[in-house]
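Biologist: Before we talk about any residue, could you show me the model and then take my questions one at a time?

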Amino acid sequence: MNPHPPLLKKIPSVTLLLEQPEFEMCLADTSRKHLLNVIREVLVEKRKAILSGFEPELDLPTIWKEIGMKLTAKATDHLCRVVNGTGVIVHTNLGRSLLAAQALEQVQTTGKYYSNLEFDLELGQRGSRYSHVEDLLIELTGAEAALVVNNNAAAVLLALDTLAKGKEVVVSRGQLVEIGGSFRIPEVMARSGAVLREVGTTNKTHLRDYEAVLTDQTALLLKVHTSNYRIVGFTTEVPLEDLVALGQRHNVAVMEDLGSGSFIDVSRFGLEKEPTVIDVVKAGADVVTFSGDKLLGGPQAGIIVGRKIYIQALRGNPLNRALRIDKLTLAALEATLKLYRNQEQALRDIPTLAQLTIPLSKLHERAKSLYRLLNKNPAAGITVEIVPTTSQVGGGALPLSFLNSYALALASDKDSSSEIERRFRAFSPPIIGRIEKEHFLLDVRTLQKEDFPFIAQCLKTWAD
Ligand SMILES: *Cc1c(COP(=O)(O)O)cnc(C)c1O
């Protein structure tokens with residue numbers, strides 16, 4: 001097909017559009033700059049269509065209608081709710097952990113009213129923002145002291161910068177982790193000014209490997225939890241207890257980056273055994289860092305617990321000011337941590353833990369109830385069935401644990417599974433699932449109650 005250069009001349013000019021009454025009408029709801037950008041976008045699209053050989057409508061009413069539609073689409077919030085049907089509980093791309101109702105309430109109050117964020121109500125003078133969660137963290141983990149920062153990457157950076165700048169940090173070659181989003185231990189180390197001293201091999205590192213490199217330049221023995229992968233087979237890792245004993249003999253601090261720090265042993269729910277924060281503190285680590293929004297189920301935060309002398313040093317580092325935690329996060333974190341005083345309550349009220357531990361029979365019931373809802377008004381050409389599937393914890397935690405679950409599997413006699421996936425993703429809120437064996441799957445483990453009627457409503461519009 002040949003393009004239609006004469007048609008290009010028929011595209012109205014921006015100046016002409018500015019003179020139409022519609023321009024003033026649109027200005028009632030938006031800024032002149034934004035409106036002009038949208039007008040130009042629509043005109044560029046027309047031009048592209050013509051150059052590709054199409055003959056788009058170029059009359060003014062059509063163009064104004066398209067501008068109006070674009071304005072409406074752009075008015076919806078860019079950061080928006082989505083329905084998570086992927087079965088990945090701590091989905092980093094979809095916002096990791098959902099907050100408990102108690103945490104949300106605290107966020108609302110702290111955002112709406114002034115607070116004692118940095119005000120000591122007893123003394124009537126300046127207080128510390130860290131005071132709100134420090135005692136709770138000490139109580140829950142058994143550590144001597146605690147500090148919270150923006151995220152776990154910040155926690156690791158702050159610890160290395162404070163304790164090991166210009167000195168050596170010993171790490172096993174099997175633990176040089178990359179976490180999604182470009183957090184890599186060797187690079188964080190380089191940025192902090194600490195010098196990485198790799199020891200051992202990918203699969204085996206022995207205590208003697210650590211011992212052999214200790215000099216007066218050694219500042220830290222660092223253990224990194226291999227959160228998102230496992231080295232299996234012919235392997236040896238040095239237990240934390242042995243590293244601690246070595247550190248004590250040579251007067252070198254021992255730190256563990258736990259990644260997804262859990263307070264509850266999840267192996268009793270059939271998941272892989274992972275050390276809890278409490279275990280790691282008890283084993284004698286001087287500094288322990290972990291995320292607030294992975295298995296802990298709170299807001300994005302980096303939590304550091306350990307010996308007082310080190311935590312105090314971290315707190316006094318000017319970098320801490322740049323990495324500091326925000327008040328809304330603190331509000332959510334305090335409320336989440338409080339729930340851990342009663343483990344049953346934590347398992348019930350913290351969404352990440354509730355989703356992780358929901359019994360299979362309950363998931364089956366959920367799947368059946370969604371199935372009934374979807375079949376009330378069956379969409380033409382769409383088949384729905386309940387299939388067994390496996391969910392994942394996600395968030396770079398428990399990479400070997402697959403949790404048995406149920407999903408609704410959708411197939412269509414005319415659309416491919418990737419077309420179904422695309423259409424579900426275009427709803428508002430978007431519905432995100434995954435494709436397995438040519439079916440579009442919605443895992444009920446990560447769906448919320450209010451998602452059910454919405455999914456049914458979306459499916460009803462399928463033939464339209
Ligand atoms: C997830 C993770 C991090 C990064 O934590 P963020 O809270 O995402 O900054 C660092 N180290 C390990 C071992 C992790 O698993």
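Modeller: A residue is near a molecule or strand if one of its heavy atoms lies within 4 Å of it. This is a predicted model, in which local features need pLDDT of at least 70 and side-chain atom pairs count only at pLDDT 80 or more, while totals for chains, interfaces and linings use all residues. Residues are numbered from 1 along each chain as its sequence is written, and side-chain values use heavy atoms, with hydrogens and water left out.

Biologist: Which residues surround the ligand, and which elements give two or more residues to the shell?

Modeller: The ligand is surrounded by R96, N151, N152, A153, I179, F183, H225, S227, D257, G259, S291 and K294. A polar side-chain atom of R96 lies 3.0 Å from an oxygen atom of the ligand, and a polar backbone atom of A153 is 2.9 Å from an oxygen atom of the ligand. Helices (H or I, at least four residues) and strands (E, at least two) are DSSP runs numbered from the N terminus, and the elements that give two or more residues to the shell are helix 8 (152–164) and strand 11 (253–259).

Biologist: How far does a polar side-chain atom of S291 lie from an oxygen atom of the ligand, and what share of the ligand's area does the protein bury?

Modeller: For S291, the distance from a polar side-chain atom to an oxygen atom of the ligand is 2.6 Å. Accessible areas come from the Shrake-Rupley method with a 1.4 Å probe, and for residues only the protein chains shown count as cover. Taken alone, the ligand exposes 380 Å², and the share of this that the protein buries is 95%.

Biologist: How many aromatic pairs does the count come to?

Modeller: Rings of Phe, Tyr and Trp (its six-membered ring) pair if their centres lie within 6.5 Å, and planes under 30 degrees apart count as stacked, over 60 as edge-to-face and the rest as tilted. By this rule, the number of aromatic pairs is 6.

Biologist: How many residues apart in sequence are the parts that the pair of F424 and W462 ties together?

Modeller: F424 and W462 form a tilted aromatic pair, with 5.3 Å from centre to centre and 35 degrees between the planes. F424 lies in helix 19 (residues 417–425) and W462 in the segment after helix 20 (451–460), so the separation in sequence of the parts tied together by this pair is 38 residues.

Biologist: Is W462 buried or exposed, and which residues do ring pairs link with W462 into a cluster?

Modeller: Buried means under 20% relative accessible area, exposed over 50%, and partly exposed in between (1.4 Å probe, protein chains only). W462 has a relative accessibility of 3% and therefore counts as buried, and F427 is also buried, with a relative accessible area of 17%. The residues that ring pairs link with W462 into a cluster are F424, F427 and F440.

Biologist: Where is N320 placed, and which side chain does the side chain of N320 contact?

Modeller: N320 is placed in helix 14 (residues 318–322) and is buried, with a relative accessible area of 3%. A polar contact is a pair of N or O atoms within 3.5 Å; within protein, one must be able to donate a hydrogen and the other to accept it, and residues adjacent in sequence count only if both atoms are side-chain atoms. At 3.4 Å, the side chain of N320 makes such a contact with the side chain of Y130.
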